[in-house]
Structures are given as C-alpha cells and as structure tokens.
Amino acid sequence: MNPLSGKNTRLRAIEPADMEIIYEWENDPENWLISNTITPFSRHVLSRYIEQSHKDIHEARQLRLMIDLMDESGNSKETIGTVDLFDFDPVHERAGMGILIANQENRMKGFAYESLSILIRYAFETLHLHQLYCNISDDNVASLNLFAKLGFHQIGIKRDWLRERNGWRDVHFLQLIRPD
C-alpha cells in the first residue's frame with residue numbers, strides 16, 4: 001500500500017501539469033490571508049517553484065503535496081487541494097503544516113482529515129519529526145475543530161496577529177507532539 005494514500009485521497013508530488021491549478025489557487029485573494037501573501041504569483045515564478053519541487057525537504061525546508069480524490073478503482077479523479085510542511089527544522093525535528101481544500105463543495109466531507117492524517121503519519125514515521133504545529137485564525141472554526149480532532153492542542157494565542165480590512169484578528173498556535 002502507498003504510504004501517502006488513504007481510503008478517498010492520495011498525496012502526491014507536484015507535477016508540471018499542476019501549473020494552472022496552483023496558479024488559480026495562489027492568486028485567489030480568498031486564500032491570501034491563510035497563506036500569508038498579498039502579492040499575486042506569475043506563471044514564471046510558479047514554474048520555477050514547480051521545477052524546484054523535487055528537492056528533498058532537508059534542502060528545501062518545505063514540502064508541498066497535491067491532494068487527489070480517488071475513484072473506486074484507486075485512480076486519481078480530481079485534484080482538490082494541497083498540504084504543506086514548512087519551516088522544516090531538522091535539528092529540533094519539527095515543521096509547520098497547512099492544508100487547502102480549494103472548492104467549498106469538497107469541504108466538510110472528511111477529505112482534509114484523511115489528507116492531514118496521512119501527512120502526520122508520514123511526518124512522524126518517515127521524516128521522524130518530533131512535533132508539528134499550525135497557526136489558525138480565530139474565525140476559522142472548521143480548521144480549529146479539524147486540528148483538534150487530529151490531536152493538536154492549543155498552546156497559545158498570537159494577539160492581533162493578522163491585519164484585515166476591519167481591524168485585527170487573533171491566531172491560535174496549535175501543536176502535536178509525536179506519541180511515543
């Protein structure tokens with residue numbers, strides 16, 4: 001069995017054919033707040049990123065995997081999102097993690113839970129990380145509940161961390177330590 005596969009989803013490396021979908025997601029202003037971006041990405045920049053995506057996590061300090069929805073035969077039928085490990089720190093054996101399920105119709109169906117479960121298992125069993133963490137804005141109740149269901153614990157709140165049009169938003173800092 002593929003260690004990056006679950007019942008409904010499979011995580012896979014970025015391919016050149018993913019250029020247009022990544023371009024669409026990265027340039028959607030709705031995603032900018034969660035991705036900590038305010039500037040659009042060009043196809044040229046994304047093309048260079050995809051060309052470099054083959055680098056080992058130890059070299060790149062990050063790993064992005066695409067989430068494919070699987071059909072009954074185990075074949076990919078649709079790419080629905082992406083998961084990331086970022087700020088990889090091999091000395092302290094930790095990384096941040098994030099997820100994007102791009103379209104509303106694919107949310108709240110268990111795909112994010114399954115994809116993150118696969119990534120957590122990979123991070124702990126293959127990369128031998130000691131801990132994972134994430135930052136979630138206080139208005140993203142679905143993600144706060146999702147990460148809590150996955151075993152993450154809130155260890156702090158970053159007050160007035162994100163500036164929005166109408167003021168400031170707090171961010172919850174969550175952590176999962178590998179069980180022994």
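In these legends, contact means heavy atoms within 4.5 Å. The model is predicted, so please keep in mind that local features need pLDDT of at least 70 and side-chain atom pairs count only at pLDDT 80 or more, while totals for chains, interfaces and linings use all residues. Residues are numbered from 1 along each chain as its sequence is written, and side-chain values use heavy atoms, with hydrogens and water left out.

**View 1. Asn-106 in the loop between S4 and H5.**
Set aside the neighbours within four places in sequence, and Asn-106 is in contact with Glu-78, Ile-80, Ile-101 and Phe-111. Is Asn-106 buried or exposed? Asn-106 counts as buried, because its relative accessibility is 7%. Here buried means under 20% relative accessible area, exposed means over 50%, and partly exposed is in between, using a 1.4 Å probe and protein chains only.

**View 2. Strand S4 and the strands beside it.**
Seven of the eight residues of S4 are buried, so the strand is largely enclosed by the rest of the structure. Two strands pair if DSSP finds at least two bridges between them. Strand S3 (residues 76-89) runs antiparallel to S4, and seven bridges join them. Look for Leu-85, which stands opposite Met-97 in S4. The hairpin of S3 and S4 has four residues between the strands, and in this hairpin Glu-93 takes a positive phi near 50°. S4 and S5, by contrast, run parallel and are joined by three bridges. In that pairing, Ala-95 stands opposite Leu-132 in S5.

With a relative accessible area of 12%, Tyr-133 is buried. Which residues is Tyr-133 in contact with, leaving aside its neighbours within four places in sequence? Among them are Phe-86, Arg-94, Met-97, Phe-152, Phe-173 and Gln-175. Gly-96 is 37 residues from Tyr-133 along the chain, yet their C-alpha atoms are separated by 4.7 Å. The side chains of Tyr-133 and Asp-87 are joined by a polar contact of 3.2 Å. A polar contact is a pair of N or O atoms within 3.5 Å; within protein, one must be able to donate a hydrogen and the other to accept it, and residues adjacent in sequence count only if both atoms are side-chain atoms.

**View 3. Helix H5 (residues 111-126) from end to end.**
The expected span of a helix is 1.5 Å times one less than its number of residues. For the 16 residues of H5 this gives 22 Å, and the end C-alpha atoms are 22 Å apart, which agrees. The buried residues of H5 include Phe-111, Leu-116, Ile-120 and Phe-124. Just after H5, you can find His-128 with a positive phi of about 60°.

**View 4. Helix H6 (residues 141-149) and its buried residues.**
Ser-143, Leu-144, Leu-146 and Phe-147 are the buried residues of H6. Seen down the helix axis, they fall within an arc of 160°, so they line one face of H6. That arc is taken from the directions from the helix axis to the C-beta atoms. What covers these buried residues includes strand S4 (94-101), H5, S5 and S7. Just after H6, Gly-151 takes a positive phi of about 100°.

A salt bridge is a side-chain nitrogen of Lys or Arg within 4 Å of a carboxyl oxygen of Asp or Glu. How many salt bridges does this rule give? The count comes to nine.
- Arg-12 forms a salt bridge with Asp-68, and their closest N and O atoms are 2.7 Å apart. Arg-12 is buried at 18% relative accessible area, and Asp-68 is buried at 3%.
- Arg-64 forms a salt bridge with Glu-26, with 2.8 Å between the closest N and O atoms. Arg-64 lies in S2 and Glu-26 in helix H1 (residues 19-26), 38 residues apart. Both Arg-64 and Glu-26 are buried.

Conventions:
Helices (H or I, at least four residues) and strands (E, at least two) are DSSP runs, numbered from the N terminus.
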